[in-house]
Every structure is written in C-alpha cells, then in structure tokens.
Amino acid sequence: MLCRCFLEYILHDALCFECYEVNLDMLSKMLSVTAKPCFGECLKHLRYSWPRHRKHNTIIDSTKTKQENLEARQKEIMACGLPKRKHIKDVKQIFLIASGKGGVGKSTTAVNLATALKIIEPKKSIGLLDADIFGPSIPVMMNIYESPLVNQENLMEPLVNYGIKCMSMGFLIDEKSPVVWRGLMVMNALNKLMNHVAWGSLDYLVIDTPPGTGDTHLSLIQSLFITGALLVTTPQKVALEVTRRGANMFKKLNIPIAGIVENMSSITCPKCMTEVPLFGNATLSLAKELDVDILQKIPMHENIAESSDSGKPIVLAAPKSKQAEAYRELAEHVVTFLNKQEINDE
Ligand SMILES: Nc1ncnc2c1ncn2[C@@H]1O[C@H](COP(=O)(O)OP(=O)(O)OP(=O)(O)O)[C@@H](O)[C@H]1O
Ligand SMILES: [Mg+2]
C-alpha cells in the first residue's frame, strides 16, 4: 500500500518533458535519494509492469502544444494510479469541515455541529472523525481519553461520548508525543482511521480536517465519496484568501460546498450587549464569488472556548445560550443541504 502511494507521487514527477514517458533512470535516482532501499523492489516491479501501462499511452497530438500534451499524459498517469473512491460500509453521508486556514475554528465547529445534529435528529446515528493527524483536537473537545478496542474483525471500535461515535489519531498516541511523520506514514494512518473503524451504521459522518489543502484532503476526497463540505473561516482578509483556495480545491474535485460558517464574526459588549462586528464583512463577497451562502455567523465568545477546553461542546454545556442556538441553526441548514445530496445505500 505504502509503495503504491509512493509510486503514484513520484511517477508524476518523473514524467519526461520531451517524450512524455516515465524516465526510469530519474525514477531510480529519486527512489535512492528519497526512499529506503526496499523501494528498489518497487522499481523492479515498475520496470516489469510499465510496458503494460504504455499500451494506454496518450497519442501525442501534433495540433496541441507540448504543455497540453504533457498535461494530458500526466492526467492519464495519475488516473492509472489513483485509488478508487469507496463508500464506508453503512455510512450514508460523509461531510467535511474544512478551511485552508489554521485556527479558525474548524474543530470547534465540527464538535458543535456533530452534537447539534444529534440534538435536532436524535434518532440518527452520528460519527465524528478527526482527520488531523498532527494536531488532533477531538479528544479534548469531546472529553475522550481512552484507547479504542480492536474487535474480532480487526477494526477499531469508535469511542462514544454525548451519543457521537468518535475516532481520532489522538486516541492512538500518547497525549504529549508529537507526531513526526512524513507524508506516506500520515496517509497510512489516515487510511486506518477511514477504513479500519467499526463505525456500524451511521447517517452522518462529520470529518474534521486539518488546515491546508494538502495530502489529507486529497486522500479523503480521492478515496471516499464525500457528500459535501462546509467551509469555516474568520472574516479577516488573510483567512478568506486561504479559504478561497480550499473552496477552489473542492470545486475542482467536484465536492459540493454546503456553505460558509463565519466564525468569530462579532463580539457582544458585556455592558450594553450590543453585537460589535469584528474584521469587516469581506466574507460576504467571498460567498458571492463562490456562489454559496453564509450558513451561520458564530460570535466570538469565551463560553465557546471554555466549553471546548472542558470537553463539553457549548450546545450541551449551555443549550439555552445564543451561541448554542447558532450551532443548532447551523445543523438545520446542514441537514437541509444533506437531504438534497446522494445517500449511500451500501
Ligand atoms: N467562536 C469562538 N469563540 C471563542 N473561541 C473560539 C471560537 N471558535 C473557536 N474558538 C477557540 O479558538 C481556538 C481554535 O479553534 P479550533 O481548534 O476549533 O480551530 P481549528 O481551525 O480547528 O484549528 P487547527 O487549524 O489548528 O485545527 C480554540 O481554542 C477554540 O476554543
Ligand atoms: Mg482543528
């Protein structure tokens, strides 16, 4: 598995710009520089199997530019190596919480959305997957500090709190240890979290993603049927710029965007209780540009941060608060969106 992912990556880079063929010598050098000797075995396999791939070579079209031919060839190679998208058995819909930017409140939104979904749809079964391998937040925010058991089918049993089935890298590693892994190990860990968990039957699986538009997002999108994505951003220009990149990634990969959550959009004056907007309203122009709605504006409030830190999402810790109300409304918008999307019946 590791070897295959690795080869997919480097095949892309080792494509010759002159003849549109994979340059096996270059590949060999890349392997010896970047990988352990065991990948030499992969190279042998590739030397053997490459002629098979060559049969399907793109015919070089003389009416196209070199760059266009190269792109067509790269697409073909990538398509050969890409994993097939799969449904997770008995998981009806998968919903990503994302933003290009870090620290904007993705995890806070994910836990409050998952718990709010459970409140408004108590009969539905809900899962929460923390796909942030390097900085998992779900254990703290959901107050879960155990390790999952492995069942007879060799699948990890999700840990349950507040009626939500949760899985996170944080359950598998020591709380204080940093994860110092490179790409392939991260992808392998992600694969375990996606495909080696006994989710059972789930109506919604909410996935909290790390910041950025990198390996994790691509792996999730390329290996799972994602029903939709929710973009979380704060209203500052720098956050919005990066959120735009995230949105464009989803658009390119045909993942429907449910809308935007503008987090930390305002503060309430503790004396006169007036809502004071923070950082302007540039989110609206981004929403217009992307042709999506701002589903909710979540104020910046110390109770939200405190409840996350104490491991009880605000929708449960202070259900009557305005902040909890905002998350419940968000959950209703998300259900409306999901109801219009495809459901996995496998
Ligand atoms: N609306 C809010 N009001 C007050 N504090 C908030 C709010 N939203 C998030 N926070 C706090 O901001 C911090 C960052 O939030 P969070 O961890 O959810 O962001 P993130 O986007 O998931 O970060 P990362 O990119 O590192 O995964 C947390 O301490 C959280 O409690
Ligand atoms: Mg997070």
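Colleague: Which residues of α5 and α13 meet each other?

Modeller: In this predicted model, Asn-112, Leu-113, Ala-116, Leu-117, Ile-119 and Ile-120 of α5 meet Tyr-327, Arg-328, Leu-330, Ala-331, Glu-332, Val-334 and Val-335 of α13 (contact means C-beta atoms, placed from the backbone, within 7 Å; helices are DSSP runs of H or I, at least four residues, numbered from the N terminus). That contact splits into ten nonpolar, one polar and two charged residues (Ala, Val, Leu, Ile, Met, Phe, Trp, Tyr, Cys and Pro are nonpolar; Asp, Glu, Lys and Arg charged; the others, Gly among them, polar).

Colleague: Why are α5 and α13 called roughly perpendicular?

Modeller: Their axes cross at roughly 75° and come within 8 Å (axes are lines fitted to C-alpha atoms, for helices over the stretch in contact, with angles from 0 to 180 degrees between N-to-C directions). The perpendicular range is 65 to 115 degrees, while under 35 is roughly parallel, over 145 roughly antiparallel and the rest oblique. So α5 and α13 count as roughly perpendicular.

Colleague: What makes α9 and α10 roughly parallel?

Modeller: Helix α9 (residues 237-252) packs on helix α10 (residues 282-290) at about 15°, with the axes 10 Å apart. So this pair is roughly parallel. On the α9 side the contact uses Lys-237, Leu-240, Thr-243, Arg-244 and Ala-247, and on the α10 side Ala-282, Thr-283, Leu-286 and Leu-290. Sorted by class, those are five nonpolar, two polar and two charged.

Colleague: Which residues come nearest to ligand 1?

Modeller: Of the 20 around ligand 1, it's Gly-102, Gly-105, Ser-107, Thr-108 and Ala-305 (near means a C-beta atom, placed from the backbone, within 6 Å). The elements giving two or more residues to this shell are α5 (106-120) and α11 (302-310). The shell holds eight nonpolar, ten polar and two charged residues.

Colleague: How do you know which parts to read with care?

Modeller: By pLDDT, the predictor's confidence in each residue, from 0 to 100. The protein averages 83, and 79% of the residues score at least 70. Over residues 1-5, though, pLDDT stays under 50, and the model has seven contacts beyond four places in sequence for them. Residues 16-20 also stay under 50, with eight such contacts.

Colleague: What are the ground rules for numbering and confidence?

Modeller: Residues count from 1 along each chain as its sequence is written, with chains lettered from A and ligands numbered from 1 in the order written. Local features need pLDDT of at least 70 and side-chain atom pairs 80 or more, while totals for chains, interfaces and linings use all residues.

Conventions
Two residues are in contact if their C-beta atoms, placed from the backbone, lie within 7 Å.
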